[in-house]
Amino acid sequence: MNPSRGRGIQSIEVGGSLLRALMDAGGSLALKDLAQAAGMPAAKAHAYLVSFCRLGLMEQAVEGGPYALGPTARELGLISLQQHDPVRLTSEQLEPLAASLGMTVGLAVWGNQGPTVLRVAHPPAPVHIHLRHGSVLSVADSASGRVLAADRPWDEVSRHWRGQASAGRLILEAVQTQGWALSEEALAPGVAAVAVPVRNASGRAELALVALAPRQQWLEAPGRPQAQALEQMLRTAQACSAQLGYSAPNCMSRSKRASSDAP
């Protein structure tokens with residue numbers, strides 16, 4: 001039975017709109033603003049807030065001050081994050097994504113020797129691009145390497161980087177801005193790869209989700225990935241990131257603009 005289809009308690013669902021409004025705000029809100037965001041009168045909202053504060057779901061630093069999520073809410077969030085293993089969570093998306101894109105899809109993590117492939121899924125096709133589990137990828141040349149390096153201090157990245165530091169910093173800044181990375185022929189001649197980050201609650205790229213295909217299949221133009229496939233990868237990564245506690249409302253729109261502005 002789907003719990004969302006059963007009989008519920010309306011007052012809890014109404015009060016839940018206040019919790020949702022506070023979460024969407026990403027910070028504390030005054031009573032008036034919180035009530036307005038939840039679409040209810042301030043007096044009605046106040047009654048719910050009193051109970052939420054007693055339960056520790058919300059709190060006020062000072063009486064009459066703005067409301068913020070309380071210790072119980074924070075503890076629930078931590079427990080939820082502990083139950084979501086990033087690798088397991090994202091690995092579940094690889095097979096469906098490979099079938100939908102018609103591309104080889106992989107998952108990479110930042111390891112001691114650099115970006116390392118953890119999981120691979122192939123499309124249902126007689127011929128596919130080979131990507132081995134455990135392969136260590138180039139930080140400078142691979143899409144996965146650039147995505148994972150973009151969120152890390154240069155001191156950590158530099159020992160793996162081949163090439164000039166100044167050029168490397170510029171490349172990684174561009175990757176961080178647009179939210180994805182493209183590499184051409186880094187793994188094999190005629191093959192292009194696009195990687196997107198799966199972020200943890202702090203916003204750091206925990207994993208890189210990468211798709212590989214022949215250049216003519218992946219690229220609409222030189223340096224420009226196929227828009228529909230890129231958007232699908234971004235949506236998948238964003239959904240996984242959200243389950244890991246990351247919230248970035250404007251992430252998708254920035255990435256779309258970046259893809260349309262790519263040279």
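Arginine 199 and aspartate 151 meet through their side chains in a salt bridge, with an N to O distance of 2.3 Å. The term salt bridge stands for a side-chain nitrogen of Lys or Arg within 4 Å of a carboxyl oxygen of Asp or Glu. The pair links distant parts of the chain, 48 residues apart: arginine 199 belongs to strand β6, and aspartate 151 to the loop between α7 (143–150) and α8 (154–158). Arginine 199 counts as buried, at 12% relative accessibility. Buried means under 20% relative accessible area, exposed means over 50%, and partly exposed covers what lies in between, with a 1.4 Å probe and protein chains only. Helices (H or I, at least four residues) and strands (E, at least two) are DSSP runs, numbered from the N terminus.

This is a predicted model, in which local features need pLDDT of at least 70 and side-chain atom pairs count only at pLDDT 80 or more, while totals for chains, interfaces and linings use all residues. Residues are numbered from 1 along each chain as its sequence is written, and side-chain values use heavy atoms, with hydrogens and water left out.

A search of the whole structure finds 5 salt bridges. One of the pairs is formed by the side chains of glutamate 184 and arginine 215, at 2.6 Å from N to O. Glutamate 184 is in strand β5 and arginine 215 in helix α10 (residues 215–218), so this pair ties together parts that are 31 residues apart in sequence. Glutamate 184 is partly exposed at 33% relative accessibility, and arginine 215 is partly exposed at 31%. Arginine 88 and glutamate 92 also meet in a salt bridge, at 3.0 Å from N to O. Here arginine 88 is partly exposed at 38% relative accessibility, and glutamate 92 is partly exposed with a relative accessible area of 46%.

Two strands pair if DSSP finds at least two bridges between them.

Strand β6 (residues 191–199) pairs with strand β7 (residues 205–214) in the antiparallel sense over 9 bridges. Valine 191 has proline 214 in β7 as its bridge partner. β7 is also joined to β3 by 5 bridges, and these two strands run antiparallel. In that pairing, threonine 104 stands opposite leucine 212 in β7. β3 and β4 run antiparallel as well, joined by 7 bridges, and valine 105 has alanine 121 in β4 as its bridge partner. β3 is mostly covered, with 7 of its 8 residues buried.

Axes are lines fitted to C-alpha atoms, for helices over the stretch in contact, and angles run from 0 to 180 degrees between N-to-C directions.

α6 and α11 pack at an angle of about 170 degrees, with their axes 11 Å apart. The two helices are therefore roughly antiparallel to each other; angles under 35 degrees count as roughly parallel, over 145 as roughly antiparallel, 65 to 115 as roughly perpendicular and the rest as oblique. Leu97, Ser100 and Leu101 in α6 meet Ala229, Gln232, Met233 and Thr236 in α11, where contact means heavy atoms within 4.5 Å.

Glutamine 243 also lies in helix α11 and is partly exposed, with a relative accessible area of 36%.
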